[in-house]
Amino acid sequence: MRISIVGSGYVGLVTGACLAEMGNDVLCVDTDASKIRLLSAGSIPIYEPGLPELVERNSAAGRLRFTTDFASSIAHGLIIFIAVGTPAAEDGSADLQHVLAVADKVGSLLTDYRVIVNKSTVPVGTADRVQAQIGMRLSERGVQTRFAVASNPEFLKEGAAIDDFMRPDRVVIGSEDDEAISLLRSLYAPFTRNHDRLHVMDVRSAELTKYAANAMLATRISFVNDLARLAEKVGADIELVRRGIGSDRRIGTHFLYAGAGYGGSCFPKDVRALVHTGREYGIDLEVLTAVDRVNHRQKRILADKVVSRFGEQLNGRTLAIWGLAFKPETDDMREAPSLVVLEELVKRGARVQAYDPIAATAAQRLVAHLSGVNFVSDRMRAVEGADALLVMTEWREFRSPELTALKKLLRSPIIFDGRNLFEPSTMAAGGFEYYAVGRGDTL
Ligand code: NAD
């Protein structure tokens with residue numbers, strides 16, 4: 001099938017590469033000329049395991065191409081995916097300017113039947129707005145053609161995006177147009193062969209499904225983080241509590257890890273956008289308002305613990321940070337908790353030695369305004385002479401540190417663990433002062 005993808009970011013690029021892998025003829029378009037130049041030259045502008053090989057193989061086979069020419073992409077694809085960003089606006093709502101700009105261009109160029117599929121995460125009612133925008137441009141041009149607008153929210157996780165796309169838990173298609181549904185069914189058939197994982201529904205339900213999924217996952221994280229605070233006060237271990245409740249199949253263990261809060265390009269903005277949609281319709285989504293509030297507090301937790309331990313002023317202190325990305329296996333720094341911690345530590349006069357195996361370059365750009373942050377290229381160099389180590393991301397290479405070496409390099413053997421990577425008893429036996437999240441210590 002001929003497919004066009006508008007937006008070559010995490011979602012657009014993975015979608016394009018995976019659809020090409022199944023034999024489709026895919027053309028990706030983006031307004032960012034430097035990104036398209038890189039992609040056309042065989043470089044991948046983001047870090048996503050498995051993606052470079054997939055892009056290389058399908059580009060070489062001629063099934064995956066990149067362009068900045070919007071007109072050719074509209075001419076090319078019978079199905080046109082919109083996968084542009086929908087960042088948070090100031091008031092917390094989803095900023096739809098990119099989605100509507102694409103709709104506008106589609107309407108200005110369309111000449112015959114196309115299915116426009118919205119893959120970006122957008123508030124309920126956006127498909128109607130896209131439909132209206134395209135319709136308005138068509139009628140201005142005096143062009144009469146049928147087209148369909150469908151919703152197909154994306155559920156991939158950065159870091160495991162290829163696998164998620166290739167073996168999805170489900171594919172949601174929101175449309176009332178039989179031809180569009182049938183085209184999308186056949187496009188996704190190879191991905192859902194072994195189990196019928198296709199959920200066809202009305203557009204509004206599809207749009208809400210995406211927000212509901214992210215809101216549920218964020219709720220589990222804030223729930224356990226709230227309980228972790230109590231666990232610390234009452235002398236319980238949230239890790240044991242997690243296992244204790246997770247063994248109940250109705251609950252499960254996933255997404256119940258206490259830590260330094262959730263970040264990334266999706267959960268924070270999607271929770272806020274859903275609360276905003278609620279308000280627009282006179283519904284106060286109280287649980288989700290609390291989820292967001294708890295997460296705000298949680299992102300500061302390691303900085304707060306450092307202050308409780310060392311005092312309000314951190315002048316003369318050097319702190320090591322392991323991990324900057326909001327989660328492992330990605331270079332995505334959007335809304336990463338490490339940013340909040342870095343800001344807070346530097347504001348109080350600390351010097352920071354930061355290490356991340358992949359996200360350092362992206363992080364450097366975001367904290368260029370902070371003086372006193374030194375990015376190093378090795379995890380052991382980060383801890384040299386530091387008063388304490390803060391663990392912000394659970395990269396695999398942090399899981400089994402050489403404790404003797406670590407202790408030798410640190411000025412004082414203190415660890416603040418924002419991802420509960422280590423056993424408190426092992427750390428105590430190794431002579432470390434160890435502060436985790438919800439595990440009995442009372443800082
Ligand atoms: P991104 O910022 O990585 O990529 C968006 C791309 O769209 C950029 O390359 C940008 O240059 C391009 N773009 C913007 N306006 C354009 C236009 N008018 N024409 C062509 N290209 C344009 O974003 P992303 O992380 O891929 O997210 C895209 C959407 O998917 C968002 O709505 C997001 O919420 C949703 N989503 C993201 C993830 C994720 O893990 N990143 C997962 C599921 C859903």
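1. Glu 335 counts as buried, because 20 C-beta neighbours lie inside 10 Å. The cut-offs are these: buried means 20 or more other C-beta atoms within 10 Å of a residue's own, exposed means 12 or fewer, and partly exposed is in between, with C-beta atoms placed from the backbone. Glu 335 sits in the loop between strand S9 (318–322) and helix H14 (337–347). Its phi is positive, about 55°, although Glu 335 is not a glycine. Most residues other than glycine have a negative phi.

2. This is a predicted model, in which local features need pLDDT of at least 70, side-chain atom pairs count only at pLDDT 80 or more, and totals for chains, interfaces and linings use all residues. Residues are numbered from 1 along each chain as its sequence is written. The mean pLDDT of the protein chain (the predictor's confidence in each residue, from 0 to 100) is 97, and 100% of the residues reach 70 or more. The model scores ipTM 0.99 and pTM 0.95.

3. Phe 255 also deserves a look. Phe 255 has a positive phi of about 55° and is not a glycine. Its loop runs between helix H10 (238–246) and helix H11 (267–280). Phe 255 counts as partly exposed, because it has 15 C-beta neighbours inside 10 Å.

4. The protein chain has 18 helices and 14 strands. Both are DSSP runs numbered from the N terminus: helices are H or I with at least four residues, strands are E with at least two. The radius of gyration is 24 Å, close to the 22 Å that the globule rule gives for 443 residues, so the chain is as compact as a globular protein of that length. That radius is taken over C-alpha atoms, and the rule is 2.2 Å times the number of residues to the power 0.38. Buried residues make up 45% of the 443.

5. Check helix H9 (residues 203–234). Its 32 residues should span 46 Å at 1.5 Å a residue, and its end C-alpha atoms are 47 Å apart, which agrees. The expected span is 1.5 Å times one less than the number of residues. Gly 235 follows H9, with a positive phi near 75°.

6. The chain divides into domain 1 (2–199) and domain 2 (202–443). These bounds come from an automatic or database domain assignment. In all, 27 residues of domain 1 are in contact with 25 residues of domain 2. Contact means C-beta atoms, placed from the backbone, within 7 Å. On the side of domain 1 that touches domain 2, strand S7 supplies the largest share, three residues.

Note on methods
Contact = placed C-beta atoms within 7 Å.
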